Amino acid sequence: MKNTAIVTIVRLVNLLFGGVFAGLLVTVLVIESTLRSSGATVYTQVRLVELVHLDDLATATLVPTLISTAALVVFVAKRRGRVFWLTLTSLLLLVVVFGTSLIVNVPINSAQLTWNVHAPPADWADVRDRWQIAHAVRTMAALLAFGGLSVAATAVSSAGARQR
C-alpha cells in the first residue's frame with residue numbers, strides 16, 4: 001500500500017473518531033448546561049446515568065483520535081507548511097483534552113459513582129461546577145482540534161485536486 005493511501009486512511013479514521021468525540025462532548029455540554037437549573041437529586045440521577053457508558057464512548061473515540069493525530073503529525077512533518085502546523089496544534093489541543101480529563105473530570109466521575117441519588121453530598125454544586133468548567137474547556141479544545149484537523153484535511157484534498 002502506498003504511503004499516500006495509508007495517510008488517507010489514517011486521516012479518514014482521524015476525522016471520523018475526532019468528529020464523534022467532539023460531538024459527544026458538545027452533547028454532554030448541552031445536557032450539563034440544562035441541568036444547571038435542576039436540584040441535587042435530579043443532577044445526581046442524570047450524572048449516574050451518564051456515567052454508565054459515556055466514559056467508555058469518550059475513551060473509545062479520544063484514544064484513536066489522539067493516536068491517528070500523532071501519526072498524521074509524523075506523516076506530514078517533512079513539510080512544515082499549514083497542514084503540519086494545523087495538525088500539530090490539533091494534537092496539542094487533544095493533549096489538553098486528555099490532561100483535563102485525567103486531572104479533573106475522571107477523578108470527579110469516580111467520586112460521583114459513589115453518590116446516593118437521595119442524599120448527594122453537601123458540596124455537590126461545587127463539584128458540579130468544577131466538572132462543568134473543566135468539561136467546557138475540554139469541549140472547546142476538542143472542537144478547535146477537530147476544526148484544525150478538518151481544515152488540514154481540506155487543504156490536503158485541495159492540493160491533491162490541483163495536482164491532478
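**View 1. The loop residue L113.** L113 lies in the loop that connects α3 and α4; helices (H or I, at least four residues) and strands (E, at least two) are DSSP runs, numbered from the N terminus. The model is a predicted one, in which local features need pLDDT of at least 70 and side-chain atom pairs count only at pLDDT 80 or more, while totals for chains, interfaces and linings use all residues. Residues are numbered from 1 along each chain as its sequence is written, and side-chain values use heavy atoms, with hydrogens and water left out. L113 counts as exposed because its relative accessibility is 53%; buried means under 20% relative accessible area, exposed over 50%, and partly exposed in between (1.4 Å probe, protein chains only). Leaving aside neighbours within four places in sequence, L113 is in contact (heavy atoms within 4.5 Å) with L48 and L51. Between L113 and L57 the C-alpha to C-alpha distance is 17 Å, at a sequence separation of 56 residues.

**View 2. The protein chain as a whole.** The protein chain contains four helices and zero strands, and its C-alpha trace spans about 65 × 25 × 25 Å along the principal axes. Of its 164 residues, 38% count as buried. Among contacts with a separation of 6 or more, 80% are between residues 24 or more positions apart. The accessible surface of the chain is about 9,000 Å², and 71% of this belongs to carbon and sulfur atoms; such areas come from the Shrake-Rupley method with a 1.4 Å probe, and for residues only the protein chains shown count as cover.

View 3. Helix α1 has 33 residues and reaches 47 Å from its first C-alpha to its last, close to the 48 Å expected (1.5 Å times one less than the number of residues). Its buried residues include V7, F21, L25 and E32. On the surface, V26, V30, M140, L143 and L144 form a nonpolar patch with about 420 Å² of accessible area together. Patches are made of residues with over 30% relative accessible area and no salt bridge, with like charges joined within 9 Å and nonpolar side chains (Val, Leu, Ile, Met, Phe, Trp, Tyr) within 5 Å. α1 (3-35) and α4 (124-163) each supply at least two residues of the patch, and the largest share, three residues, comes from α4. V30 is placed in α1 and is partly exposed, with a relative accessible area of 48%.

**View 4. The surroundings of S101.** S101 is situated in helix α3 (residues 82-112) and counts as buried, because its relative accessible area is 9%. The side chains of S101 and R138 are joined by a polar contact of 2.8 Å. A polar contact is a pair of N or O atoms within 3.5 Å; within protein, one must be able to donate a hydrogen and the other to accept it, and residues adjacent in sequence count only if both atoms are side-chain atoms. Not counting residues up to four places away in sequence, S101 touches V106, P107 and R138.

**View 5. Salt bridges.** The structure holds four salt bridges, each a side-chain nitrogen of Lys or Arg within 4 Å of a carboxyl oxygen of Asp or Glu. One of them joins the side chains of R47 and E32 at 3.6 Å, N to O. This pair links distant parts of the chain, with R47 in helix α2 (residues 40-76) and E32 in helix α1, 15 residues apart. R47 and E32 are both buried, and a network of salt bridges links E32, R47 and E50. Another salt bridge joins D129 and R36 (2.5 Å, N to O).
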